[in-house]
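User: I am new to this structure and would like to learn how to read its strands and its core. Could you take me through them step by step?

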Amino acid sequence: MAEQVAFDIAKGLLSELSSPVLEQLGLWWNFKDDLKSTISAIKVVVLDAEEQSVTSNLIQDWLAKLKDALYDAEDLLDDVRTEALREKLMTGNKLTKEVRVFFSRSNRFAYGLKMGRRIKAIKAGFTSIQSQISMLNLVQRDHPLQTSFAARRRRQTHSFASKGEIIGRDDDKTTLLELLLDTEFESEENVVIVPIVGIGGLGKTALAQLVYNHEKVKDHFELRMWVCVSDVFDVKIIVENIIKSLTNKSPDQYLEMDQLQKQLRDKIEGKKYLLVLDDIWNEEREQWFSLMKLLMGGARGSRIVVTTRSRRVAKITGKCQPYELRGLSEDDAWSLFKEIAFEQRYVDSTNSTFVKIGKQILEKCGGVPLVIRTIAGTLSIKETENEWLSFKDNVLSRISQNEVAGRESSILDSNSTCEVDEKCRHVSIDFSLIPLLKGKKLRTLLHFPNKRFQNMSDATWNSIISNCRCLRALELDRFNLKAVPDSIHKLKHLRYLDLSENDNLKILPKSICKTQNLQVLKLDRCYQLEELPKKIDKLVNLTHLGCRDCWGLTHMSRGIGKLTSLETLSMFAVDKDGLHGGGAADLSELCGLNNLRGRLQITNLGSVKNAKEEFRAANLKGKQHLQTLDLLWSGIIPKADDDKSDDEEKSLEDLQPHPNLKALQVGGWRGDAKFPSWFALLTNLTAIEIRGPSKFKHLPSFAQLPHLKHLAISKLTELEYMDDNCPIRGHGEPEPFFPSLTDLILIKCPNMKCWWKRPVDDDKDTTVIGASTIAFPRLSYLKIDDCPLTSMPLYPSVEEELMLVNTSSRPLKQTIQMNTTPSTSSLPLSKLKSFHVENIEELDPNMLQECLQNMNSLKEWGIGSCHWLKSLSGWLQQMKGLTTLTITDCKELDLEGMQWEPLKNLSHLIIDNLPQLVSLPLWLRHLVQLKRLQIKDCSGLRSLFPVFQHLTFLQSLHIKNCKELELSADGIQIFQDDEMSLRFLQLQNIPKCLQLPEWLQHLANLKYLVLLNLPNLTLLPDEMRSLTTLEELRINDVPQLEERCEKDIGADWHKIAHIPYIWVNKVWCFLFFESFINIPNFTTIYCVIYFQAVNMADLVLSSETGAITTEGHLIN
């Protein structure tokens, strides 16, 4: 497959040589015709060479030299074309003028000499390569042989796998089984494709075999089929093999395609099937679709599993997120290595020397099972320590570089001993090793995947720009960049530049606009980026400009509308204050950007002048490929004065999008409060989010939208009802009522007491019209917070989560009292997994008991502001499967003496504002499954002991706002026998914390330590040095530590210098909050601080919106 690259490059070069620019420029050096004819002669034998290379080392070498020559020629032509493009943009658009001006410049002679030398060398190289064709007996071919499977190294796979052969894939197996067996999988199609993607040797096929043969899978699917596709994607061959897998016999070899497809469709029509298509390489969309058309007749719930190494294949084949298979964990990798390397018993698996050498060797394997098996198998027949050492020091470096990574690609981390030579074209590297890059022909430079938040020195920048002039792709995300050097324009071949998540990057150099080949520029989550380059219109090839969550963007640069090839423009910021004059783009620049896809967020619409004219000039109606549109009155971070900018003349009517739109968000709209008439045309909507502050008193009916799955309404303080009329059902067909809605969120709508303007009869205790109950047929997630709804559609089918906060209990009572759910025979809410109630009007013990009796599938329960609650024992008896328990603001609740047996499966416990809690309850020591414990606002809590030392199974502990808590163990001997599993520890606002507790030194597995708002903490203990596994230390609002932890010179620096990532009063990229409110499929929640001046103590997770806020202002 790798050699196919040579064929594709040759094909592309021939096309390039025929372009108008090179037709003319080729005359200057007399290279075009010679080069074109030579490459044409070579191209026709490349496919034959690829076939024969399997068995011929000579042809393998010939192909390697060919690829090098093709790459060099491609670089040359790209260089010439790029210079011509630059001149074109500088001097005018006529090609003849461009060429004339280009070669009349003072540097023509020098440039000509340089190009002449390069061309001469390239022509000589191709001539030599061409001369060897006859000697190698290569023949012309315009397509791959279809009968060459026997000669290929690619192996045919099968469906059988022995369970004992597969190690370390239990979690992957569980996740994949859920994807295959989940009957409520969110898809409009009956047949869902599940791609498994990962590098070679990870065990994609083995994982697919494992689930294919699982008993649950055998019982779930009526039909199971396995087909190994491999290199050649021939639809007819694949269909024949599917039929063969179904019937255990090959179809008649003389059948035509039409007869085969009828046979296949007859076999699978209306049946729930599982098909595994193993080892797919085809990246041609049309070929894939031609196969899929034949497979769509299966019953709902059918699955097609695709295994592939290519992300592009995964993207083409499936709409759902591909399952990315990773390397084995350190423990699982060692288990596999040990099982094979020591199986011959030539060496002792308990011998510390062999174990040490083995683990050093294992580090080079990257967790890849195939590599581990190969290397461990080699070692299994080596008997002495010297043989193992010789393998590690001599053989392994060659294997890892040449056999695993290959000549063209390389991975360099701190353990690498090799340098990158001229043959290498693609590298993933720890950037501290940039000096090892000796090759100057690199095309791809990625940072090592396990490195985060690296620093980029000037020397590193200079090295990249000086030595990597052929780069096409450069990945510099999360590098703490403050600036990009002006010399970036010297990377003239650059197509892809990722600068995302560089928090301190404020401006880009003007020279970046000279990288005219740039197609992708990623700036997402560069939170302080203030503006885009002024001459951005010079980036004529730009197709993707990612600037999502660039909160600091004050405006868009004028001229952006000229980039008509743009397919991605995440955000368009209107110039809010008008301070940028003619340098700022107005909405009219969106007019011609009709190739935009994905998501477009327009901010500061409240600041638009001449709104009617500009809104219409944006031409949103012409953007047929756009999937998601966000219309925001102010910025991404609303400010206090935004609410005052009312403007009745601004109307949503003038912002009409294309009917193809799938998701719409309207945020903080302070203009005309009438919802637009065009809304009725958006019948393809799957998601709607409307949030205030706004003046909307009512909304259009959403009930008949056929595809609407997600609906969120928040902070509409004047909203009185959701729909004009209750759907009256006559004798005809029932009127559709939210037929697809799965998620509903209603937050802070204090005037909405009824769903309908004309409610149902309040004298009745059920929401009934005629004989039918009005209920959401598919609703799975419901959150109502601060909306006093007493009358609304019922929700018996909710399965995922039901969260009711500060609202009426009446709809809940009516739902529970329904006989059965509309679509099944089960009791209302009997499949509910998560139930949270807080400050619910008229909720009493009897009603709560009635609810919990139905909820026999409950995994998560939260109860809050329930002042009559004194004990949980009676309620917990019926919730033995509970994994998460949240208790909030229950003033009379006493946790002591509670029966713990029903909680034996509990993994997450949150205790919030329980004044009766003085110490941790003794029964906690019995909850051996408990992994996460959060304690907040418990004013009476004085000690964690004597219980804490027994919580050795705990992995995460978060303590906040406990003013009387003493963290010291008071002389208790702890952690003597058992090692603590704690990995995450957050201490926040604990005034009596004068020093970190002495037991901290025993946390041998601690990885993350967060210290927030500890005003009396004066220093860090010497024991910090014993925390050798600690990966991140975050300190904020601990005044006396700021100076002591200063890098290299602080008094405490030597205690923490070993920790890879340290953040002290800095702009944080994210926080490890342990209690996110899960709102599926809506706005991504980023826990981010935008301004360094923000006090961390003021940062809260809003219970109203699930968003991170400071002083009441939404961050995101």
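**Reading strands and cores**

Analyst: In this predicted model, strand 29 (residues 884-888) runs parallel to strand 30, and the two pair over five bridges. Within that pairing, T884 has H908 of strand 30 as its bridge partner.

User: Which strand pairs with strand 30 in the parallel sense and covers residues 932-936?

Analyst: That is strand 31, which pairs with strand 30 over five bridges, and here I910 has Q934 of strand 31 as its bridge partner.

User: Which way do the residues of strand 30 point, and are they buried or exposed?

Analyst: The general idea is that side chains in a regular strand alternate between the two faces of the sheet. In this case H908, I910 and D912 point one way from strand 30, while L909 and I911 point the other way, and all are buried. Because five of the five residues of strand 30 (residues 908-912) are buried, the strand is largely enclosed by the rest of the structure.

User: Which residues have the most contacts inside the largest nonpolar core?

Analyst: In soluble globular proteins, nonpolar side chains tend to be buried together. The largest nonpolar core here has 199 residues, and those with the most contacts inside it are L569, F702 and W861. Helix 21 (residues 845-854) gives the most to this core, with four residues. A second, separate core has 42 residues, including V211 and W334.

User: What is W861 in contact with, leaving aside its neighbours within four places in sequence?

Analyst: With those neighbours left aside, the contacts of W861 include F835, L848, L852, W875 and T884.

Notes: Residues are numbered from 1 along each chain as its sequence is written. This is a predicted model: local features need pLDDT of at least 70, side-chain atom pairs count only at pLDDT 80 or more; totals for chains, interfaces and linings use all residues. Side-chain values use heavy atoms; hydrogens and water are left out. A nonpolar core is a set of buried Ala, Val, Leu, Ile, Met, Phe, Trp, Tyr and Cys residues joined through side-chain atoms within 4.5 Å. Buried means under 20% relative accessible area, exposed over 50%, partly exposed in between (1.4 Å probe, protein chains only). Contact means heavy atoms within 4.5 Å. Two strands pair if DSSP finds at least two bridges between them.
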